[in-house]
Amino acid sequence: MKDKLVAIAGFYIDGFRQMRLGRTLWAIILIKLFIMFAILRLFFFPDPLGGKSDAERADFIIENLTEKP
Amino acid sequence: MNDFMQTVDWSRAQFALTAIYHWLFVPLTLGLGFICAIMETVYYRTGDEFWKRTTKFWLRLFGINFAIGIATGLILEFEFGTNWSNYSHFVGDIFGAPLAIEGIMAFFLEATFVAVVFFGWNKVSKGFHLASTWLTAIGANLSALWILVANAWMQYPVGCTFNLETVRNEMTSFWDVLFSPVAVNKFTHTVTSSFVLAAVFVIGVSAWYLLKGREEKMAKKSIAIASVFGLIFSLVTAFSGDRSGAIIAEVQPMKLAAMEGLYDGEEGAGLTVIGILRPESERSSNDAAFYFKLGIPKLLSIMSYRDAEAYVAGINDLVNGNPAYGIMSAEEKIERGRKAVEELARYRDAKRNGDQAAIDEITAEFDPSTPEGEEFLREYFAYFGYGYLDSPSDIVPDVPLTFYMFRIMVGLGAFFILLFAVFLWLSYKDRLERYRWILWIAIFSVPLAYLAGQAGWCIAEVGRQPWVIQDLMPTSIAASRIGSGAVITTFFLFLALFSILLAAELRIMFKQIALGPDKEK
């Protein structure tokens, strides 16, 4: 079992080491995920229903559905 | 325009922008994965190193598209929570369950097997590598299945019941949601149209090599595979598109009427092939709707109901009602919807005031297990969304956009069938280099394949307005009550982010195509 896990880890490490174009692509993926989760998600995507209990959420939505903005 | 309507409009613009960019990345992944898997299967069966080299080249382009496009859909999910919180709560687990399955599948299937596909050459057995390539392609398409099921439910909400206490729709039958005719057909049509796009891409890139006099064997063999693959799936796309017409006639007749610019319902209605619409103020009837049009008699009735004399409802019928054909007026639906909204407001007040008798009375009205509840849900709550509309004409979507996009999509679909047939014939006769102008057409067809996909989504999403959930929730009510400033700011942030990603993809893709199969950098 341990040998298998080592072999799988080696497979990935080896694969990443031998990448050429893949390094650029991984850089793009990581920058993109950083922008999405560390910047956009934190600063621009507040959850209006976050931190509310189920009952509070239901009350919040029923207000929105029954009262004109 | 008040600030909330600005929020609604900018939220719509932002979602459209995100979805448009998302769909620039996704379809090539869906189709190219299978083309690569077919090529690798040939390598597996023949042992010919040429096929390994060819597969690796197309897998490299697949990898670029996969990497740049990965996770762009996450922004859409963020927007559901932020900009469309009323919608997100109202749809409850019906939307959440398919999205959760999609996320898990995407992670386990794609993340696991993509690594084997790109790192595993000469490290795992040929059979295991081939299986990984197939599973990567299947995994990507299964991810698409779940998001398309969720979208189909919005167009045709089935398999659910409304829970008054939680103010959510709750799933009563997973299988009804998964196998609704809209979901099955939407998945087939969307995925096979992505296969068409990938086949056009492979033929376009290969045509470039032939024009340059490079990699001729790879280009010719790739064209042979892509033209067969493309021809088969362009015919499936056409067949599923025809089926879409029949389904839309049943579940979204206003979308069909808008697609056709049909104002007055007709028995034996004809299909408009091409036409130029008059301005909105002049389009009051069929005769006044067009400057000119060319059509095929009876075809719309045949496509919609498989009956040359069948009645197809027009925009005026759906707005004003047509008792002769059992069509209820929008005015009547608005009245019924308002009654349902009023009952919800009465429930809200009863809860505020602790009026248990009123709570019990209204709860009984929304209870589908009693005859009274079943009747109220069928006769009133089924039109809940209409209760928010100001006038009957609000149910009419943007007719010109829907009409023209439909013709662009169908016209390009027919063109691609012809393109694949021509390339298959030239490939079979080994005459591809003789017709350089046809090779140029193939190159210019690549952006047209993307245009066809965007046009298809435009019909699906613009044509169903004003609804975010058909008949139950209009788009304006679905939006969060947040300031428009934040939405406008994020709109331009996304525009910049996605444009940079697209430019990066194009630059890397063009560079790798120019380098060719043996010179990865």
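I began with B:R278, which forms a salt bridge with B:E282, the closest N and O atoms being 3.4 Å apart; the term means a side-chain nitrogen of Lys or Arg within 4 Å of a carboxyl oxygen of Asp or Glu. I note that this is a predicted model, in which local features need pLDDT of at least 70 and side-chain atom pairs count only at pLDDT 80 or more, while totals for chains, interfaces and linings use all residues. Residues are numbered from 1 along each chain as its sequence is written, chains are lettered from A and ligands numbered from 1 in the order in which they are written, and side-chain values use heavy atoms, with hydrogens and water left out.

Next entry, salt bridges. Because B:D430 lies in the loop between α17 (399-428) and α18 (436-462) of chain B and B:K220 in helix α9 of chain B, the pair ties together parts that are 210 residues apart in sequence; helices here are DSSP runs (H or I, at least four residues), as are strands (E, at least two), numbered from the N terminus.

I then checked the backbone. Phi of B:D430 is near 55°, a positive value in a residue other than glycine, and B:D471 also has a positive phi, near 70°. I located B:D471 in the loop between β7 and β8 (473-474) of chain B. A cis peptide bond joins B:Q465 and B:P466, with omega about 15°, and B:P466 is found in the loop between α18 and β7 (467-469) of chain B.

Helix packing came next. In chain B, helix α2 (residues 49-69) and helix α9 (residues 216-251) pack at an angle of about 75°, with their axes 11 Å apart; the axes are lines fitted to C-alpha atoms, for helices over the stretch in contact, and angles run from 0 to 180 degrees between N-to-C directions. That makes α2(B) roughly perpendicular to α9(B), a label for angles of 65 to 115 degrees. By residue, I see B:F50, B:W51, B:T54, B:F57 and B:W58 in α2(B) meeting B:K217, B:M218, B:K221, B:S222 and B:I225 in α9(B), where contact means heavy atoms within 4.5 Å. By class, this contact has 6 nonpolar, 2 polar and 2 charged residues; Ala, Val, Leu, Ile, Met, Phe, Trp, Tyr, Cys and Pro count as nonpolar, Asp, Glu, Lys and Arg as charged, and the others, Gly among them, as polar.

Last entry, the interface of the two chains. The contact takes 38 residues from chain A and 55 residues from chain B. The area buried between them is about 3,900 Å², of which carbon and sulfur atoms give 73%; buried area is the accessible area (1.4 Å probe) lost on putting two parts together, summed over both. Across this interface the rule finds 4 salt bridges, and I looked up a salt bridge between the side chains of A:E67 and B:R348 (3.4 Å, N to O). The elements giving two or more residues to the side of chain A that touches chain B are α1 (2-17), α2 (21-44) and α3 (54-66) of chain A. The largest share of that side, 13 residues, comes from α2(A).

Terms used. Parallel < 35°, antiparallel > 145°, perpendicular 65-115°, else oblique.
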